[in-house]
Amino acid sequence: MPQFPGHDKYSSLKRDILCDFCLTCKELEEQFARLEQSGSLSFAIMRDLVGDKMSKGSLWRLKDTSHYLFNAMRLTPDRSAAADETERAEDPAGARPGLGCTAKEEAGFLLDWTLGYIFHECVKMTEDAYQLQYYGPRLPLLPEGGGSPCEDVLKSLAPIVGQSRTSLLRETRRVALLLEQARRLFCLYLSGERDNLSLALFIYDRSSLVLDTFHAYYEDLLKGIYGESLDIFHLQAARAFFAFGHKRKSIPPVEEALRLNPANAEAAELYKTLADNYAPD
């Protein structure tokens, strides 16, 4: 029976942050479209995205998983715990990449920073959405002809709702920029993750979601992970289905791998195993 490497705790975490990023992007882009059309966001949807300490939303999980992954990965064979402790003492934030870090480590640091920043911007957006949805409409209008004892107070308060709307627009522009840069950073950080079967399975199984999230960067994402020959992507997806117990689901991707590259000997070997043992009745 074939044996495949490429599945460990960190592999799953990398899959998880990509998955939560894609799901978060979808929700946020729908809210950006709503803001453009109606001038408001849904507080309920933003609240669910962010969540709270007792019930974390996908954005909060994304931030926490990212921090855990990149902090855990700081300790590598060429960076001892003592060296890491020294770096943290010199940098209380404990997060800047050290001298001599690889391009992948640098991209990982920037990705972690970007995902964290998106979360905190969305916390502010959620507050603004709440104020605009529930407090804005409750501000009394100035009475016709004046004469109200609260007229001066109302004149002072009236611009605040507009300022909240301006803040919300500014925050959405920042988040849109951060999401765009996060797409680029995912392409850099996940480069070389060819053997990550969890990742291959997610990208293959949720290809429409990943494509909708990465837009023009989708091809860069795949090529960064699997190289120029996308038969490798389909082969790894087939291996992932096989390794995780879905043998018959391995057949379509391995067939696609062989269609793209009939000379792929590894795909041919897996296909023979599947045909001999797991072909549909």
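**Note on salt bridges and a buried tryptophan**

1. The side chains of Glu 30 and Lys 26 meet in a salt bridge, with 3.1 Å from N to O. A salt bridge here is a side-chain nitrogen of Lys or Arg within 4 Å of a carboxyl oxygen of Asp or Glu. Helices are DSSP runs of H or I with at least four residues, and strands are runs of E with at least two, numbered from the N terminus.

2. The model is a predicted one, in which local features need pLDDT of at least 70 and side-chain atom pairs count only at pLDDT 80 or more, while totals for chains, interfaces and linings use all residues. Residues are numbered from 1 along each chain as its sequence is written, and side-chain values use heavy atoms, with hydrogens and water left out.

3. Glu 30 counts as partly exposed because its relative accessibility is 40%, and Lys 26 is likewise partly exposed, at 44%. With a 1.4 Å probe and protein chains only, buried means under 20% relative accessible area, exposed means over 50%, and partly exposed lies in between.

4. A second salt bridge for the student to examine joins the side chains of Glu 29 and Arg 183, at 2.5 Å from N to O. This pair links distant parts of the chain, for Glu 29 lies in helix H1 and Arg 183 in helix H6 (residues 151-189), 154 residues apart. Glu 29 is partly exposed, at 29% relative accessibility, whereas Arg 183 is buried, at 3%.

5. Salt bridges that share partners also join Lys 14, Lys 104 and Glu 193 into one network. A search of the whole structure finds 18 salt bridges. In general, side chains of opposite charge can pair when their charged atoms come close.

6. Asp 16 and Arg 15 form another such pair, their side chains meeting at 2.9 Å from N to O. Asp 16 is partly exposed, with a relative accessible area of 27%, and Arg 15 is partly exposed, with 25%.

7. Trp 60 counts as buried because its relative accessibility is 14%. Leaving aside residues up to four places away in sequence, Trp 60 touches Leu 49, Val 50, Gly 51, Asp 52, Lys 53 and Phe 119; contact means heavy atoms within 4.5 Å. Trp 60 and Phe 119 are 59 residues apart along the chain, yet 6.7 Å separates their C-alpha atoms.
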